[in-house]
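Please keep the model in view while reading.

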Amino acid sequence: MATMVRERRKMLRIPNQVVLPFGYRISVRQLSDAEMDKRDANADGIWDDDTKTIYVRKRLPVTRRRYILAHELGHAWLDWQHRYMDDGKASI
């Protein structure tokens with residue numbers, strides 16, 4: 001039983017980095033409420049295109065943080081498409 005719990009926790013972890021196609025690396029940082037409020041008090045997740053970093057509010061349940069990460073990855077993917085696909089730097 002303890003092994004199953006450990007495996008489930010491992011599956012639910014939030015990664016520190018995500019790599020999209022063509023090596024587009026995205027950092028993921030989980031911030032405290034105070035740190036997140038400095039960036040945007042109303043947001044639980046933020047995509048920063050300049051630093052290629054996703055910020056997620058750490059105090060939230062892990063399932064909510066994973067949902068927010070997926071949402072912010074959508075923004076990152078669209079920025080990647082705009083930057084690389086639309087500018088002709090990559091092709092499918």
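In β2, Ile26 is the bridge partner of Val18. Strands are DSSP runs of E with at least two residues, helices are runs of H or I with at least four, and both are numbered from the N terminus. The model is a predicted one, in which local features need pLDDT of at least 70 and side-chain atom pairs count only at pLDDT 80 or more, while totals for chains, interfaces and linings use all residues. Residues are numbered from 1 along each chain as its sequence is written, and side-chain values use heavy atoms, with hydrogens and water left out.

β1 and β2 (residues 24–31) pair in the antiparallel sense over four bridges; two strands pair if DSSP finds at least two bridges between them. They belong to an open sheet of four strands with mixed pairing, in the order β1-β2-β4-β3. Its edge strands, β1 (17–20) and β3 (45–48), each pair on one side only.

Helix α2 (residues 33–40) lies across β2, β3 and β4 (53–57), where contact means heavy atoms within 4.5 Å. α2 runs at about 125 degrees to β4, with axes fitted as lines to C-alpha atoms, for helices over the stretch in contact, and angles taken from 0 to 180 degrees between N-to-C directions.

A nonpolar core is a set of buried Ala, Val, Leu, Ile, Met, Phe, Trp, Tyr and Cys residues joined through side-chain atoms within 4.5 Å; buried means under 20% relative accessible area, with a 1.4 Å probe and protein chains only. The largest such core has 15 residues, and Ile26, Trp47 and Leu69 are among those with the most contacts inside it. Its largest share, five residues, comes from α3.

Technical notes. Buried < 20%, exposed > 50% of the residue type's maximum accessible area, 1.4 Å probe, protein only.
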